[in-house]
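Dear colleague,

Please find the structure below.

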Amino acid sequence: MTSIREIARKAGVSPATVSRVLSQDKTFSIKDSTRKKVLEVANNLHYDPRPNRLLININNKKRKIIILCALSVEQLNRDLYFSNISQGLQEEANASHYTISSFIHFPKPNFDFSSVKNFDGIVIIGTFSSKFIKRVSLYNPNIVIIDEYRHFDEYDLIRNNYFELTNRVLNILYQRKYTRIGFIGGYLNEMTHTHLSKKMNIDPRTKAYETWMKLHNLPINEVITNWTLDEGYSAMDKLLNSSNPPKIVLVASDVLAMGAYRSIHLHQKEIPTDIQIISYNNSEVASYLVPSLSSISAPSYQMGQAAIRLLHDRFINHRTIPYQLLLPSKFIERESSLANKKNRI
């Protein structure tokens, strides 16, 4: 099978030059004679990023990508974390001259699994059942899964490091002498093509909190939700009405945190005097809440970008070994947890 390096050697250019010529990178400045030579060598060697296919009109080829999303349109637009992933996908695809020609939200009972073979690559967003993913892979192996915390050896995975950041933040709180630490989170239900199943996977934020509290012999005081604003309100109400309310609460998303703020206000409590809040996702609203919301920020836009780049690598370099990318998050502390706004962990 012809490789990028073999084309580069015969054309007398670098592998990077070959990659950018074959991907039709319009921002790449190169002599027309060199570009023509690379394309001629690629054609003569019958190169194509997809195995066992002859090169057909590589000059005009524009690859098509399909997105399979476990969130509804409303959920995707409401949650800035996932909408940023979508934006990163779209803009990186445009920059790479690829086309996102289909964006399908599930559940979709009439979904034709065999249709994915008509696309060059697949990006999966959210938590689907392993059976669903396996069935998709039977028709197209070029799969990248974003925001996946289970262990799959067969596919490219992109995730953030919320588990590690949760531990680091909890260590900071422990150093500040906090022991009554609460948590509001949610489980991850698996999507199939027909419905959202009852099978739940533990979220890495929840897992990190439970593990850390047990390790430090501290009482777990958590409420698990379905990730909505109303449930954030109800969860905080439950924590505040408990026999030993927490002094600080980690809330697994800014949407849940907004509901929690409302509950705290109606309980006539003050943030951060009576209770402190640290959230996740660092959406735009976090800095505008009163008091401003401390939040753990994930590189969601870059996660979308990375998915296109992993597909590009599969297309151009024939890569078959799956990559698993862990992108770093950061803690942005604001008024809701009493620390200096510029402090970042």
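Helices (H or I, at least four residues) and strands (E, at least two) are DSSP runs, numbered from the N terminus, and two strands pair if DSSP finds at least two bridges between them. This is a predicted model, in which local features need pLDDT of at least 70 and side-chain atom pairs count only at pLDDT 80 or more, while totals for chains, interfaces and linings use all residues. Residues are numbered from 1 along each chain as its sequence is written, and side-chain values use heavy atoms, with hydrogens and water left out.

A hairpin is formed by β7 and β8, with 4 residues between them. Strand β7 (residues 188–191) pairs with β8 (residues 196–201) in the antiparallel sense over 3 bridges; M191 has L196 of β8 as its bridge partner.

An open sheet is built from 6 strands in the order β2-β1-β3-β4-β5-β13, with parallel pairing. Its edge strands, β2 (99–105) and β13 (324–327), each pair on one side only. Within the sheet, β3 (residues 121–125) and β4 (residues 143–146) run parallel and are joined by 4 bridges, and I124 stands opposite I145 in β4. Helix α5 (residues 80–95) packs on the sheet, touching (heavy atoms within 4.5 Å) β1 (64–69), β2, β3, β4 and β5 (156–160). Helix α11 (residues 300–317) also packs on the sheet, where α11 touches β1, β3, β4, β5 and β13.

Yours sincerely

Definitions and conventions
Axes fitted to C-alpha atoms, helices over the stretch in contact; angles between N-to-C directions.
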